[in-house]
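Subject: Structure handover

Hello,

The structure is below, with notes on what was found in it. Please read the notes with the coordinates open.

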Amino acid sequence: MPEVIFNGPEGRIEGRYQPGKEPNAPVAIILHPHPQFGGTMNNQIVYNLFYMFVQRGFAVLRFNSRGVGRSQGLFDHGVGELSDAAAALDWLQALNRESRGCWIAGFSFGAWIGMQLLMRRPEVEGFISISPPENLYDFSFLAPCPSSGLIIHGDKDRVAPPEAVQKLVDKLKLQKGITIEQQIVEGANHFYEDKIDELIEACGEYLDRRRAEIAAGGGR
């Protein structure tokens with residue numbers, strides 16, 4: 001798995017990149033949790049999500065946002081991190097010009113950044129949002145949400161409580177033209193202790209199903 005360095009808005013960004021199996025392989029970008037609470041691209045959930053996409057032939061990138069690991073710059077409360085994510089997706093797409101399909105996946109703070117990035121990228125065909133902290137961040141920008149996706153969370157989560165995530169899901173389900181699927185991992189806390197395998201399996205099953213629907217002309 002090659003280590004990569006590419007230019008971001010504040011300088012160097014450090015990432016890990018796995019090329020796709022085919023020249024027109026779909027691409028995916030994985031976004032990590034909050035940097036000030038230990039969130040990095042080596043977070044277990046981010047790492048496992050990365051390999052879930054790799055196993056399906058995607059060209060996949062995970063990276064450290066500004067001020068994390070060897071990435072330059074300072075934490076910017078989400079504004080700069082969104083710019084980093086946009087630069088990372090630009091870099092990934094420039095390497096994969098023949099790519100068919102683009103996905104965004106994020107965990108916690110990364111889910112918030114990922115869903116903002118989604119709003120800027122009409123080419124994204126799907127997303128996976130793990131434990132989006134609706135209670136901590138403003139998700140009102142999702143008006144409307146441009147593509148279908150999965151929102152998955154634990155029923156024992158105290159950081160992003162189920163009722164807060166439910167509020168976000170209910171709001172998005174009112175929108176026409178997209179399908180928001182919600183899944184709940186029973187017994188899982190915010191960090192999915194002893195539940196990561198179950199989480200990744202659910203995400204993989206959803207991705208396989210959506211990719212099959214898209215291939216069959218099911219759209220977004």
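Ser-108 lies in the loop that links strand 5 to helix 3; helices (H or I, at least four residues) and strands (E, at least two) are DSSP runs, numbered from the N terminus. The residue is buried, because its relative accessible area is 9% (buried means under 20% relative accessible area, exposed over 50%, partly exposed in between, with a 1.4 Å probe and protein chains only). Leaving out residues up to four places away in sequence, Ser-108 touches Pro-33, Ile-130, Ser-131, Pro-132, Pro-133 and His-190, where contact means heavy atoms within 4.5 Å.

On conventions: this is a predicted model, in which local features need pLDDT of at least 70 and side-chain atom pairs count only at pLDDT 80 or more, while totals for chains, interfaces and linings use all residues. Residues are numbered from 1 along each chain as its sequence is written, and side-chain values use heavy atoms, with hydrogens and water left out.

The sheet is open and has eight strands in the order 1-2-4-3-5-6-7-8, with mixed pairing; two strands pair if DSSP finds at least two bridges between them. Strand 3 (residues 27-31) and strand 5 (residues 102-107) run parallel and are joined by five bridges. Val-27 has Cys-102 as its bridge partner in strand 5. Helix 4 (residues 162-173) packs on the sheet, where it touches strand 7 (149-154) and strand 8, and its direction makes about 165 degrees with that of strand 7. Axes are lines fitted to C-alpha atoms, for helices over the stretch in contact, and angles run from 0 to 180 degrees between N-to-C directions.

The axes of helix 2 and helix 3 come within 9 Å and cross at roughly 60 degrees. Helix 2 is therefore oblique to helix 3 (under 35 degrees counts as roughly parallel, over 145 as roughly antiparallel, 65 to 115 as roughly perpendicular and the rest as oblique). Glu-81, Leu-82, Ala-85, Ala-86 and Leu-89 of helix 2 meet Phe-109, Ile-113, Gln-116, Leu-117 and Arg-120 of helix 3.

The largest nonpolar core has 39 residues, of which Ile-29, Phe-63, Ile-151 and Leu-172 touch the most other members. Such a core is a set of buried Ala, Val, Leu, Ile, Met, Phe, Trp, Tyr and Cys residues joined through side-chain atoms within 4.5 Å. A second, separate core of 28 residues includes Ile-45, Leu-199, Ile-200 and Cys-203.

Regards
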